[in-house]
2 protein chains.
Amino acid sequence: MDYTKYIDEVCSGAKKASRAAASMSISRKIELLKNMADRLEKNSGQVVKENLKDLVEAEKNGLSAAMVDRLRLTPERISGMAASIREIAAQDDPVGRIEGMTVRPSGIRVGRMRVPVGVVAVIYESRPNVTTDIAALCIKSGNAAILRGGKEAIHTNTALYSVISESLKEDGADTGTVVLITKTDRELLTSLLKRSDSIDIVIPRGGPGLIQRVTEESTIPVIKHDKGLCSVFVDSSASPEMAEKIAVNSKAQRPGVCNAAETLLVHREYSEKASLFQALIIKGVELRGCAEACSVLPGSIKEASPEDYDTEFLGLVMAVRIVGGIDEAMDHISKHGSGHSEAIVTENYSAAERFLREVDSAAVFVNASTRFHDGGEFGLGAEVGISTQKLHARGAMGAEGLTTLKYVVYGNGEVR
Amino acid sequence: MDYTKYIDEVCSGAKKASRAAASMSISRKIELLKNMADRLEKNSGQVVKENLKDLVEAEKNGLSAAMVDRLRLTPERISGMAASIREIAAQDDPVGRIEGMTVRPSGIRVGRMRVPVGVVAVIYESRPNVTTDIAALCIKSGNAAILRGGKEAIHTNTALYSVISESLKEDGADTGTVVLITKTDRELLTSLLKRSDSIDIVIPRGGPGLIQRVTEESTIPVIKHDKGLCSVFVDSSASPEMAEKIAVNSKAQRPGVCNAAETLLVHREYSEKASLFQALIIKGVELRGCAEACSVLPGSIKEASPEDYDTEFLGLVMAVRIVGGIDEAMDHISKHGSGHSEAIVTENYSAAERFLREVDSAAVFVNASTRFHDGGEFGLGAEVGISTQKLHARGAMGAEGLTTLKYVVYGNGEVR
């Protein structure tokens with residue numbers, strides 16, 4: 001099918017709406033978001049009812065239990081989504097802030113003003129809370145949003161979108177400020193990803209297939225939210241108590257998320273290896289180690305295959321390797337890590353500073369759990385996601401990540 | 001031809017070199033750059049000799065006089081290139097700076113550290129000073145660089161590259177820190193642009209064809225340096241003296257560059273239209289106006305075609321339009337501008353503030369010439385270029401634009 005006309009409408013509508021969105025006052029945005037949260041809770045029953053249609057469909061199509069769980073909405077989960085919208089409403093507004101104003105020898109005053117990027121397209125799969133979170137973050141940051149969720153959540157997303165568009169209408173805002181694309185054909189997405197004339201940024205959130213496809217097809221700049229293959233390195237000087245606490249927390253506190261650790265690197269001269277490994281095993285973690293690691297607790301550690309060091313287990317499995325020192329640890333991370341979150345446990349000042357400086361990941365931790373890599377924990381409020389690319393927004397990305405800096409120049413008739 | 005093996009070598013060499021480059025000390029980088037500048041001047045004769053080969057070739061292939069001039073190197077121009085390297089050496093080093101450190105309720109301290117992006121690929125045409133400027137900026141910002149110049153400058157670039165690689169060798173640095181790709185086939189570029197595993201950022205500098213091709217083929221994030229279709233808006237309240245000075249300077253001081261103005265928008269109620277137009281005509285500018293503009297100086301202003309408002313003249317031609325007010329002016333800019341640089345001349349506070357806030361360009365000026373949009377004038381030192389995209393680096397882009405921010409977390413055993 002030819003979607004040219006439909007996409008033209010969506011794009012020009014969003015572009016038009018983005019200009020008005022950029023100059024919405026702070027208080028009006030707060031009001032709009034609060035009303036949206038209230039409306040969402042009021043319409044909870046309707047949303048749950050539409051969500052059931054998707055769940056029936058999912059059952060029919062044999063989606064995995066984990067996928068079905070991610071898709072399911074309950075009144076409690078909907079209240080959580082409303083709370084998240086309220087939290088976004090309460091955040092600092094990033095738009096209009098001027099940074100680094102200086103006077104130049106010519107007499108002009110130059111600074112950089114934070115402004116919305118314009119039109120944000122988000123391509124996502126299953127988790128329906130993305131629909132309301134992203135809509136709220138885009139409104140907060142003064143952008144227009146084009147949302148394209150997966151077909152497995154189409155009824156749910158449509159119900160959530162009607163909450164969003166009713167709220168926009170009530171406010172008197174352009175309903176093009178947030179658009180949901182309900183057609184889920186492949187070709188439509190392909191055409192959409194070529195519209196760099198109207199769309200300023202594309203954010204894919206989903207599995208590796210989706211991310212790869214968007215990266216390959218898009219002529220619009222992409223902010224990837226890719227997997228997290230995170231490591232904890234226990235240095236020879238580490239406090240054993242801290243090492244155990246941090247390794248266990250990084251791996252086991254919530255193993256299914258991207259900032260959970262998958263690999264444990266241990267300095268050969270760290271003396272408390274056995275109790276470190278035991279602490280993990282007691283928490284139900286299956287360890288897969290190099291030969292040297294296995295020999296620490298014979299029979300209790302499986303031998304690791306080479307792939308284990310490249311696997312995001314997202315469960316209670318951890319790859320273990322004994323290393324000769326910080327350089328070998330950093331080499332391992334550089335080769336096998338995904339540049340998401342890495343931690344060192346050490347009491348050595350130089351090791352801490354080298355690790356912070358040299359490890360090329362979005363977040364680097366000394367003596368703290370990788371699980372802290374999160375917008376809330378870092379003080380950004382709700383997140384767009386955790387970016388695994390280096391440009392524009394790296395790591396936990398909040399409303400500010402949806403803005404950009406433009407130069408503003410105050411002159412008094414200066415010329416060159 | 002299959003370049004897989006060659007590109008593998010280039011990419012893995014650059015990736016390896018980038019780790020060492022990232023932790024080079026500030027003083028060593030300064031030393032290396034100063035030596036490079038000295039060596040360039042010492043080898044001036046050799047570079048001019050190689051440049052002549054390219055000029056002979058250009059003559060044979062019938063390159064335009066403007067292109068040939070951009071390609072030509074003289075001892076003076078080479079001294080200018082050396083001066084630019086020294087200027088980059090003297091700039092503030094952006095690497096390692098930590099911004100916005102805060103303590104979170106959990107007890108962790110979170111900040112963002114400026115770090116090199118890693119491997120920078122620059123695809124460019126003709127102007128050979130790009131070779132030394134970009135090499136110096138990449139070294140300063142702790143990156144490895146892959147340079148791919150055009151075939152019309154291949155002898156010149158090779159000679160310049162030997163200066164760069166000799167300087168790296170003398171310093172004891174990895175010669176993979178800067179690599180020049182001397183094969184200029186199309187297929188090679190296509191393969192290179194898919195290597196997002198090794199290259200972190202691609203910067204195309206050249207004509208629209210090159211930029212479009214790189215954007216379409218690259219799976220690596222691209223920072224575009226596109227055309228400048230810049231405007232000056234003279235508001236009804238403008239000081240006539242300032243309006244004339246700024247319009248003339250923006251258009252005529254150096255009309256061939258991207259921050260020169262192409263369009264003049266004049267408020268209908270601005271009373272000194274005739275002398276404004278005369279000031280431009282006296283400087284040799286051909287005005288092409290709407291009917292209303294033409295009637296101001298009958299016979300002296302050509303009628304504009306619709307395309308004139310979408311043309312980057314890069315010469316002494318300017319499109320003129322009379323508008324009803326600031327909204328019409330901003331609509332015109334939004335529709336016809338390239339988001340590069342726009343100026344308003346006004347004495348009205350609200351008009352100035354609205355223009356600064358609402359015009360969606362990389363640099364927005366009140367009562368100053370668009371010609372100030374320049375790394376040197378803004379205090380960044382030498383530029384990578386002027387980015388016309390919104391993400392990561394917008395507008396004048398210096399060494400800092402080749403860095404990124406990663407989160408650094410100082411803990412004391414904290415877990416979630």
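## Buried or exposed: the terms and the model

A residue counts as buried when its relative accessible area is under 20%, as exposed when that area is over 50%, and as partly exposed in between, using a 1.4 Å probe and protein chains only. By that rule, Lys29(B) and Asp93(B) are both buried.

This is a predicted model, in which local features need pLDDT of at least 70 and side-chain atom pairs count only at pLDDT 80 or more, while totals for chains, interfaces and linings use all residues; side-chain values use heavy atoms, with hydrogens and water left out. Residues are numbered from 1 along each chain as its sequence is written, and chains are lettered from A and ligands numbered from 1 in the order in which they are written.

## How the two chains are related

Let's start with the pair as a whole.

## The interface between chain A and chain B

Contact here means heavy atoms within 4.5 Å. On that basis, 70 residues of chain B are in contact with 70 residues of chain A. Between them the chains bury about 5,900 Å², with 53% of it on carbon and sulfur atoms; buried area is the accessible area (1.4 Å probe) that two parts lose on being put together, summed over both. Leu391(B), Tyr407(B) and Arg416(B) supply 15% of the area that chain B buries against chain A, more than any other three residues.

A salt bridge is a side-chain nitrogen of Lys or Arg within 4 Å of a carboxyl oxygen of Asp or Glu, and the count between chain B and chain A is eight. One of them pairs Glu377(B) with Arg416(A), where the closest N and O atoms are 3.4 Å apart.

Which element of chain B gives the most to the side that touches chain A? That is strand 16 (residues 403-414), with 11 residues. Helices (H or I, at least four residues) and strands (E, at least two) are DSSP runs, numbered from the N terminus.

Over all chains, the count comes to 62 salt bridges. In chain A, Glu400(A) bridges to Arg97(A), with the closest N and O atoms 3.2 Å apart. Glu400(A) lies in the loop between strand 15 and strand 16 (403-414) and Arg97(A) in the loop between helix 5 (75-90) and strand 1 (98-103), so the pair ties together parts of chain A that are 303 residues apart in sequence. Glu400(A) is partly exposed at 30%, and Arg97(A) is partly exposed at 35%.

In chain B, the side chains of Lys29(B) and Asp93(B) meet in a salt bridge at 2.9 Å, N to O. Lys29(B) lies in helix 2 (residues 26-42) and Asp93(B) in the loop between helix 5 (75-90) and strand 1 (98-103) of chain B, so this pair ties together parts 64 residues apart in sequence.

## A buried glutamine in a loop

Gln389(A) is found in the loop between strand 14 (385-387) and strand 15 (395-397) of chain A. Is Gln389(A) buried or exposed? Gln389(A) counts as buried, at 8% relative accessibility. Its side chain reaches the backbone oxygen of Val222(A) at 3.0 Å, and a polar atom of the Gln389(A) side chain lies 3.3 Å from the backbone nitrogen of Lys224(A). Not counting residues up to four places away in sequence, Gln389(A) touches Val222(A), Ile223(A), Lys224(A) and Arg394(A).

## Cysteines

With a disulfide taken as a pair of cysteine sulfur atoms within 2.5 Å, the count over all chains is zero. For Cys11(B), the nearest cysteine sulfur is that of Cys138(B), 15 Å away. Cys11(B) counts as buried at 1% relative accessibility. For Cys258(B), the nearest cysteine sulfur is that of Cys230(B), 6.9 Å away, and Cys258(B) counts as partly exposed at 28% relative accessibility.

Conventions: A polar contact is a pair of N or O atoms within 3.5 Å; within protein, one must be able to donate a hydrogen and the other to accept it, and residues adjacent in sequence count only if both atoms are side-chain atoms.
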